[in-house]
Amino acid sequence: MNKKDLKPESVFRFFSEINLIPRPSKHEEKMIEYLRKFGEERGLETIVDTTGNVLIRKAATPGMEQAPVITLQSHMDMVCDKLVGKEINFLTDPIKTYVDGEWLTAEGTTLGADDGIGCAMELAILDADDIVHGPIECLFTVDEETGLTGANNLDGSLLKGEMLINLDSEDEGLFYVSCAGGKTTTATYKYNKVEAPKDLFFLKATLDGLTGGHSGDDINKKRANAAKILARFLYLEQEKRPLWLVSFNSGKLHNAIPRDGEIIFAVPFADKEDVRADWNIFSSEVEEEFLVTEKNMHFHMESASCAPVIPQETGKRIITALQALHHGVFSVVQDLSLGNLTETSSNLASVKTEDAEFTIVTSQRSSVMSNLTNMVNTISAVFQLSGADSIVHNDGYPAWKMNPDSKIRETAKECYIRLYGKEPTIIGIHAGLECGLFSERYPHLDMLSIGPTMRGVHSPDERLLISTVGKVFDLVVEILKSIN
């Protein structure tokens, strides 16, 4: 299949245009201008609010004027991650895509289908003159991936829609009707590095090739966390012998599972061969642990140059905290009829060493807000016990509760059965969606989240199942035609 043959043509054409536009989170200026120009050139009411969110309204087609207003929504920013060694400047360079069998993917970077493909569907509907619909408004929000800033600052009087279709889900045939709330917890340890004692041997150990993934959607898939694994090794070694930490760097984003990492540390010169032997045994054991989910993990150790070290007691507290921090599923939903759905989790998201500061970022999620508080407190307690100099929580975002009397859900279900001869799966999602924030500002808003099938989101493995794009687009068109 060639890219020019992708269907629906209009959706993939707009997606191609979007991927020429740099749009990292918090740097969406060029995308905002593209959307503003798109709407104004077509004579559509176009609003850019003070946060950068863009709203484009389109009047009903003849005979549909009395239909309720429907809001279509997606976020314009993308997670920017790349393979080690890939040269790209996400602030200036386009995303280069290619067809790989049934999938569309990118050359060594994230694809941006999360949520560029949702934006492309909205643009295709706004651009079309052959789709029957009532009054619609298309909302494009900023900074969903790193702070939900756009949704968080949305004016409560901006939207006119009675129903909202969020186009930011990643499994065709699944209708999401609720989502988890979340919060990020960041700890900082301060120090002054010191000259290393004499007779130490310095080692650098790296781990890469992990699957990684989304800290909500993929947290229950038993994937390895590079930061957590490297911390395990350091803890094992510091229990055996004196150890000085020089640096520890792993992970980039609060909502992604770390795929790779590097540690530099020092041990007594006489222990160097024992440490190498321990590394070989440890790596073999970890490979066995993750035999199913991590087929490409790669461990490497080599000598390193002498360097100033983090004071030994501070390094020990940091390593102990990293060992103790919970990563992964904490609890599942109580209603077992819904399956083994994740209720509460925490992600060890990133570890960063600077000259005088060590930072650990974690993210907690839960569909039960009291349990979110408990998970945050559990993580905070580890940081408190290990003597962190500061512990900071972001404002977080709320859960989105299921509406048992949802008209948009029932209409979408009927349309799906009519189009595809089978029922969709109705489910909640452990990831955070902007719907949670919309529900605070617009309590009356009846919402549904759908999207085409994607895999590997928030990582360079991100790919989009081509055949599902048309199915979701056709479903949205059918819903617009059917709502009355």
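**Cavities, pockets and helix contacts**

Mentor: Sorted by class, the lining of the largest cavity has 5 nonpolar, 14 polar and 8 charged residues. Charged is Asp, Glu, Lys and Arg, nonpolar is Ala, Val, Leu, Ile, Met, Phe, Trp, Tyr, Cys and Pro, and the others, Gly among them, are polar. The model is predicted: local features need pLDDT of at least 70 and side-chain atom pairs pLDDT 80 or more, while totals for chains, interfaces and linings use all residues. Residues are numbered from 1 along each chain as its sequence is written, and side-chain values use heavy atoms, with hydrogens and water left out.

Trainee: What volume does the largest cavity have, and which residues are closest to its centre?

Mentor: About 290 Å³. Its lining has 27 residues, of which Glu144, His254, Asn255, Arg365 and Tyr397 are the closest to the centre. Strand 9 (181–190) and strand 18 (357–366) each give at least two lining residues. Strands (E, at least two residues) and helices (H or I, at least four) are DSSP runs numbered from the N terminus.

Trainee: And what lines the second largest cavity?

Mentor: Asp81 and Lys82, then Gly251, Lys252 and Leu253, then Ala256, Ile257, Pro258, Arg259 and Asp260, plus His458. By class that lining has 4 nonpolar, 2 polar and 5 charged residues. The volume is about 90 Å³.

Trainee: Which helix gives the most to the lining of the second largest pocket?

Mentor: Helix 1 (residues 9–18), with 5 residues. That pocket has a volume of about 240 Å³ and 13 lining residues, with Lys3, Leu6, Phe12, Ser16 and Thr97 nearest its centre.

Trainee: Changing topic: at what angle do helix 2 and helix 3 cross?

Mentor: Helix 2 (residues 29–41) and helix 3 (residues 113–127) cross at roughly 15°, and their axes come within 11 Å. Helix 2 is therefore roughly parallel to helix 3. Angles under 35 degrees count as roughly parallel, over 145 as roughly antiparallel, 65 to 115 as roughly perpendicular and the rest as oblique; they run from 0 to 180 degrees between N-to-C directions, with axes fitted to C-alpha atoms over the stretch in contact.

Trainee: Which residues meet there?

Mentor: Tyr34, Leu35 and Phe38 of helix 2 meet Leu123, Leu126 and Asp127 of helix 3, contact being heavy atoms within 4.5 Å. The contact has 5 nonpolar residues, no polar and 1 charged.

Trainee: What about helix 5 and helix 6, at what angle do they pack?

Mentor: Helix 5 (residues 226–240) and helix 6 (residues 272–289) pack at about 140°, with axes 11 Å apart, and are therefore oblique to each other. The contact residues include Phe233 and Leu236 of helix 5 and Trp279 and Phe282 of helix 6. By class, this contact has 8 nonpolar, no polar and 5 charged residues.

Notes:
On a 1 Å grid over the protein atoms alone, a cavity is a set of points where a 1.4 Å probe fits but cannot get out, and a pocket is an open set with protein on both sides within 12 Å along at least five of seven lines; lining residues have an atom within 4 Å of a point. Grid points are joined across faces, edges and corners, and a volume is the space filled by probe spheres set on the points.
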